[in-house]
Amino acid sequence: MIGRRSRVRSVVIHAVLITVTVVTLFPVALVVRKSLSPGNDFRLSLNPIPEKATTQHYETVLEARDFSGRWLFGRQLWNSFVVALLTTILGVFLASTAAYAFSRFRFPGRRFGMMIFLVVQMFPATLIMIPLYVILDKLGLLDSVAGLVLVYSTTAIPFCVFMLKGYFDTIPRDLEEAAWIDGASRFGMFWRVVLPLSKPALAVTALFSFMTAWNEYILAETFLNNEASYTLPVMLKHYVGDKSADWGAFAAGAILVSVPVMGLFYILQKALVSGLTAGGVKG
Amino acid sequence: MAKPRLASRRGVILTWLLGASLLGVFTLGAMVRQRNLVTRTANERVARQRLDGLAGPVRSALVSSDVAGVRSLLEAAAKRRDVSEAVLLQSKTLSTTLPFLREVHLVAHGNPAMGAGPIRGDQRPAALSPAYAKQLYDWTGRVLESKRMDLRWRSPPGAAERIEAGRRISLSKGEYILGVRVKPLIRPLAVPLLLLVGLLLVGLAVPLANRAATGRWQWLASGAGLALMAGACGVVLAGYDAWVGRAPDTASAARLLTTGLSGGAPGGGVGYVWGMITLLTLGLPVLGWRGTGHRVACAVREHRIAMAYIVPAALGMIVLVLVPFAVGIVLGFFNHCEGRFEYVGLANFTDILSGGGTSVTDPLNFWFTLGVTLLWTSLNVVLHVSIGLGLALLLKDPLLKGKGVYRVLLILPWAVPNYITALMWKGMFHQQFGAVNQLLGVFGFDKVSWFSHFWTSFTANVVTNTWLGFPFMMVVTLGALQSIPQDLYEAAEVDGASKWYQFSRITLPLLRPALVPAVILGAIWTFNMFNVIYLVSAGEPAGSTDILITEAYRWAFIRHERYGLAAAYATLIFLILLAYSLLTNRVAKGAEGTFE
């Protein structure tokens, strides 16, 4: 009797979950299908396997050139990569020392400083986009990798500080004290003890900053206006403009651009959840 | 104690050096880039000005077949010191395809030495000299490729820095391209601005370090140090002005410094900058006398190791966040019109808050947008939490098989970059080809024009955002559910508590500490979910589905560059968010407190 009830119950649960999963996966399946089938419109088909497979959309995206013959995809890939990498380096480097100070020292302005970082982390960069735009315009940094890195760092630095502070808090101080007794300097404790122990956290933080910068769209769209200096998200958006839309190329591009970072996301998502919620509670 | 302290100083210096070199390299790169860009845009502007000045007279000379007049106009243009070449080309059939370019003829050239024969009567224009032909082909080729009436373009990468510009003139007889090639200008750079800021910082750092190192009466030295630095700034500015004075069409350093915001009229702003420097110079000794400087210095000295660790990031935040933030607040008091900023006091804020003469039901009204934003946020959060919670409860079932598979598949929407999600759903809501309408068609419904009514458009946004947002809540809830001890349920079971009773008295209260911060965070994310609104509905119809943040963006970048109004909008959004986070901070603390 109990066995039968629980079997019914599990069938119902499976049915609900399968329905939800199918609904969830459907749009993604559509994009995959579109990227492989000919034509530019975004038609529905309940069959997720393309009837006629073609790689033409991938070729369109990969071989796009502007009128002076520059290889756009290569340039945009390079732009995205460089922006994301520089943002990550700047963020992690500046944040690691600050996070260490927040975690280990008590100094006047500590609470205030942490509050500032928290507030900045919560509020989107879109809020200071207008002044940033005006400033970058005056400095002649629009349409450049340097300008975009500066803009992205506004979100990367506070994020990195919080992720790293959370992790540094979990490293027992005894280790540093032992190093101290062995004659290590303050900096030595940080450099030789804390940083090597936090390698996993550093890696996770770095990868997350990289991913965030890689996936950012609207700031790049606003600050860049030359096709050859676009990052990949801007390029993708421009495949489906208001006047002409090439959904095939968009789908192919979306897959090329997002599959690597989605893989990364799956590896990292547990760390992200704990980092985000911890930062939210502890303040 | 002595040994570690010495060593720590070395460590601090190392950190500083690393940070400084990183910032230095970065600034240097930015400066070089900026130099090129400023030069280029300035040259383009000059080219455009010369063209605009030339196009009218040349056209009227052409209309009256006054070829000698055209020629003298071009010659006059080419004699200007910033123009190296001015040409008029003719083409019978101007087309974007290259073969037609072979039929382009040089009608007149600003430089008589280039010897292009002018048209006389029915005579054909002179063919191009071979040596010159290739260059002009390339030059005009780019005019034609950009397909616009007004044209400008850049020299190919690697070529000498030379800006070329063209303009098409259509006449009944045919079409002409008027071209002006501009000599590169020496342009003033904003480098002195950076230098000045750097010097000021050094000027501040020197006396502070001085204070930190030794005892009293050092404030005099601080003041003197700062005065010295201010003097150095003055020398830099003067030297810069002397250098720039030789270049044509440039602004003075002081003007560059002050045009940052005032956008034009020099004068007023210079006073502010120098006044501030003077005040700082005078103020520091006063502070020293009052003992404030001493206290600050003591605090810095006492916590100097902590300070050394915090300073790189703090400087970064000041430059990248606090300065733009302050500029943003100041911008809110200005009105921007065609590159100029003009002080308007509180007008932007009153304009926004009073609705600017629009009724509350008007999509441009602030209160309407605020209402839409709040509805959007609350609806999404409710949907995210309920779907996430529901799925988590289903997945929690200990007897369930294939949990991992479901979990991996269900967080997929979170992994997809959200701009891709938004564009994908935008495509699915397309009226003709969209998957949603096709699916409705399968069930016999009519096609819905999703983005032409408020509610359908809003629904499209909400559907997209729900798809994108529930996995986060699901994952958070799952994590929290796992930490609830199973014996609590067993005990409740023994006591005969119903499932609902268990859920509302055990599950929910124990989920709260994890859910509250997630909800707070989720609400802020949704409140600012720019990409979904901007990419899915794009505010359609008529801006009614815009939320505050996209509305601010529209004022700045789509509707006539009203930066001032947009900045005021952003300030208001910031205040709302701040109030919200202060409020929720209490709620969160309360939630924490209950279970501690």
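Colleague: How much area is buried between chain A and chain B?
Modeller: About 9,100 Å², with carbon and sulfur atoms giving 82% of that area. Buried area here is the accessible area (1.4 Å probe) that two parts lose on being put together, summed over both. Keep in mind that this is a predicted model: local features need pLDDT of at least 70, side-chain atom pairs count only at pLDDT 80 or more, and totals for chains, interfaces and linings use all residues. Side-chain values use heavy atoms, with hydrogens and water left out.
Colleague: OK, so which helix of chain A gives the most to the side that touches chain B?
Modeller: Helix 12, residues 247-282, gives the most, with 16 residues. Helices are DSSP runs (H or I, at least four residues), strands are too (E, at least two), and both are numbered from the N terminus.
Colleague: How many residues are in contact across the two chains?
Modeller: 95 residues of chain A are in contact (heavy atoms within 4.5 Å) with 101 residues of chain B.
Colleague: Switching topic: how many helices and strands does chain B have?
Modeller: Chain B has 21 helices and seven strands.
Colleague: What share of chain B is buried?
Modeller: Of its 596 residues, 47% are buried, meaning under 20% relative accessible area (1.4 Å probe, protein chains only).

Key. Residues numbered from 1 in each chain as written. Chains lettered and ligands numbered in written order. Buried < 20%, exposed > 50% of the residue type's maximum accessible area, 1.4 Å probe, protein only.
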